[in-house]
Amino acid sequence: MTRVFVPADAAALSVGAEDVAEAIAREAAARGVAIDLVRTGSRGMFWLEPLVEVETPAGRVAYGPVSPAEVPALVDGGLFEGKPGPGCLGLTEAIPYLANQERLTFARCGVIDPFSLDEYRAHGGYRGLDRALAMMPGEVVEEVVASGLRGRGGAGFPTGVKWRTVLAQPAGQKYIVANADEGDSGTFADRMLMEGDPFLLIEGMTIAGIAVGATKGYIYIRSEYPHAFRAFTRAIHIARGAGLLGEDVGGGGRAFDIEARLGAGAYICGEETSLLESLEGKRGTVRYRPPLPAVEGLFGQPTVVNNLLSYAAVPTILAEGAAFYANYGMGRSRGTMPLQLAGNIRQGGLVEKAFGITLREAIEGFGAAPPAAAPFAPCRSAGRSVRTCRMRSWTPPSTTRRWLP
Amino acid sequence: MPKRDRWEERNGDSGAAPAPHWDEAPRIRALITAYEGVPGALLPILHAIQDELGYIDRRAIPLVAEGLNISRAEVVGVIGFYTDFREEPPGRHVLKVCRAESCQAMGCEPLAEHLQSRLGVEMGGTTADGEVTLETVYCLGNCALSPAVMLDGRLYGRVTPARAEALLVGARP
Ligand SMILES: Cc1cc2nc3c(=O)[nH]c(=O)nc-3n(C[C@H](O)[C@H](O)[C@H](O)COP(=O)(O)O)c2cc1C
Ligand code: FES
């Protein structure tokens, strides 16, 4: 049966992906063609959304942007067979925007049905957890230290070192908290991942729990993302139903469960101590430090607070080994970083690259920013918490910590 | 007057007085009970109440305080802190317009202007017929498809003034 892929990511839906999916189902039914219509996350090439893909022996073939009205003509032109023609973009993986990325965290996003554990596993999912379950907690932590992973939430603190502190606290109730407040405007990587590959986050948080001895995790999702909240909540239920969350995670004898919580429209709650206050049901005011959350965090207990993308990097590190991950990147910045290109740019979207890419490569190479307009255009990297730079002064690479060493 | 008493005066009956009758009270109590034993349940409870009523009716405050065994002032303080929680009912439809950087670069300001003049309300206001509440939001995570708006919890991208109007026409009977 022909497999046809249409994203159900909120951004794709925001430009009509639902209507496109319906039109495709209608055309298939009218022609008596049996198709398997798979709803995925987004590939992150938003200027091509709604993007439709069709499986062929050579790989998936892409069409986009597709409007519902065009669907009958596209089907006439051979969309179900992946035939080239108007609107056809060729093999998805050969589109330079994707082909030039190094996707580790976003490898499955836009590829699989985000709610299918079978597909998640078939694409390498839960190999990291399986390995972690066979290791001593301290070994898991040291693997993350060795990978060089640093926090993706802005401050860039080494993730494994933070976990070490929590592991070193006396046994008792400990917590894993994922920061999905994604408050900086211009960013959407967290949202894409929650909608497009939620099991990756669940796996990453679970590995963190096993590593430090925490049995309970919270993910704090900003309320501007109702779709992501629903998607993630659904994924939690599926994982729980399959025994991948709960009293005996994956049959490995350890307990871990996750609860998704919705923020309530306060930017400051992206700051980790305000976030903890908010999870406790209080106003999101910043706590004095010390104590660190790793020592006295949620409900006064030792707590790992990491950005959601930090957790999402962990399954790859465990599955492939620390050295594999550390091989990407440069200097003290190891691994890959999802960049988000947006604003007045031709090819807005998500670009996952090893650390070391320059702003010029990102904006001109991937974003295809019109060079004529570029020289004096202000460009802002990563959101509110970092500075604005003028394009004229943008090389060598900015020192923005969210991107670069 | 101590601060605490002023809170209570503004936000419901004081201390020991029995809560006045309220038709919604049993529904709200049931919502609160559903969170029994959940640590730090205040935000989820307030969200649940707002999902149910469209806003946080002040008569719900003593019920929440009682259910969680915290002071009314704490509940009021939390409601006031978070911009999501409304103390008044919104219009039948809520249209949020993103006015953060990426959307600014793609013309959200003219869009906001247009909507304000067409609906005859300022940002934050509700039309006289109670149909539409127009609000500002800072980033909907749809920055690569700016300008973005959210209508009744649904996200829309590449929104021109004409498309925004079409959305509103589609939403209104
Ligand atoms: C005002 C403010 C807002 C922040 N917003 C976020 C946010 O939206 N998401 C996030 O992950 N971290 C945010 N942070 C950083 C967090 O406090 C914290 O450093 C981070 O969640 C730690 O995770 P990491 O080590 O994995 O980066 C913010 C910090 C400040 C001071
Ligand atoms: S800046 Fe408007 S959606 Fe992000």
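1. A:Glu27 touches A:Val71, A:Pro72 and A:Val75, leaving aside its neighbours within four places in sequence. Contact here means heavy atoms within 4.5 Å. A:Glu27 sits in helix H2 (residues 17-31) of chain A. Helices (H or I, at least four residues) and strands (E, at least two) are DSSP runs, numbered from the N terminus. A:Glu27 is buried, at a relative accessible area of 15%. Buried means under 20% relative accessible area, exposed over 50%, and partly exposed in between (1.4 Å probe, protein chains only).

2. Some ground rules. This is a predicted model, where local features need pLDDT of at least 70, side-chain atom pairs count only at pLDDT 80 or more, and totals for chains, interfaces and linings use all residues. Residues are numbered from 1 along each chain as its sequence is written, chains are lettered from A and ligands numbered from 1 in the order in which they are written, and side-chain values use heavy atoms, with hydrogens and water left out.

3. The largest nonpolar core has 82 residues. Such a core is a set of buried Ala, Val, Leu, Ile, Met, Phe, Trp, Tyr and Cys residues joined through side-chain atoms within 4.5 Å. A:Trp163, A:Met194, A:Ile202, A:Ile219 and A:Phe232 touch the most other members. Helix H10 (residues 198-212) of chain A gives the most to this core, with ten residues. Setting aside neighbours within four places in sequence, A:Ile202 is in contact with A:Tyr126, A:Phe232, A:Ala235, A:Ile236, A:Ala239, A:Leu245 and A:Ile258. A second, separate core has 36 residues, including A:Leu279, B:Ile28, B:Ala48 and B:Ile79.

4. Chain B has eight helices and four strands. Their order from the N terminus is α-α-α-α-α-β-α-α-β-β-β-α. Of its 173 residues, 49% are buried. Among contacts in chain B with a separation of 6 or more, 60% join residues 24 or more positions apart.

5. Chain B is assigned domain 1 (16-81) and domain 2 (93-171). The bounds come from an automatic or database domain assignment. The centres of these two domains, taken over C-alpha atoms, are 30 Å apart.

6. In chain B, the axes of helix H2 (residues 25-33) and helix H4 (residues 60-68) come within 10 Å and cross at roughly 35°. Axes are lines fitted to C-alpha atoms, for helices over the stretch in contact, and angles run from 0 to 180 degrees between N-to-C directions. H2(B) gives B:Ala25, B:Ile28, B:Arg29 and B:Ile32 to the contact, and H4(B) gives B:Ala60, B:Leu63, B:Val64, B:Glu66 and B:Gly67.

7. Two peptide bonds deserve a look. A:Gly64 and A:Pro65 are joined by a cis bond, with omega about -10°. A:Pro65 is in the loop between strand E4 (59-63) and helix H3 (71-76) of chain A. B:Ser146 and B:Pro147 are also joined by a cis bond, with omega about -5°. B:Pro147 is in the loop between strand E2 (132-137) and strand E3 (149-151) of chain B.

8. Check two phi values as well. A:Glu182 is not a glycine, yet its phi is positive, near 30°. A:Glu182 lies in the loop between strand E6 (175-180) and helix H9 (189-196) of chain A, and is buried at 8% relative accessibility. B:Arg158, also not a glycine, has a positive phi of about 45°. B:Arg158 lies in the loop between strand E4 (154-156) and helix H8 (161-171) of chain B. B:Arg158 is partly exposed, at 37% relative accessible area.
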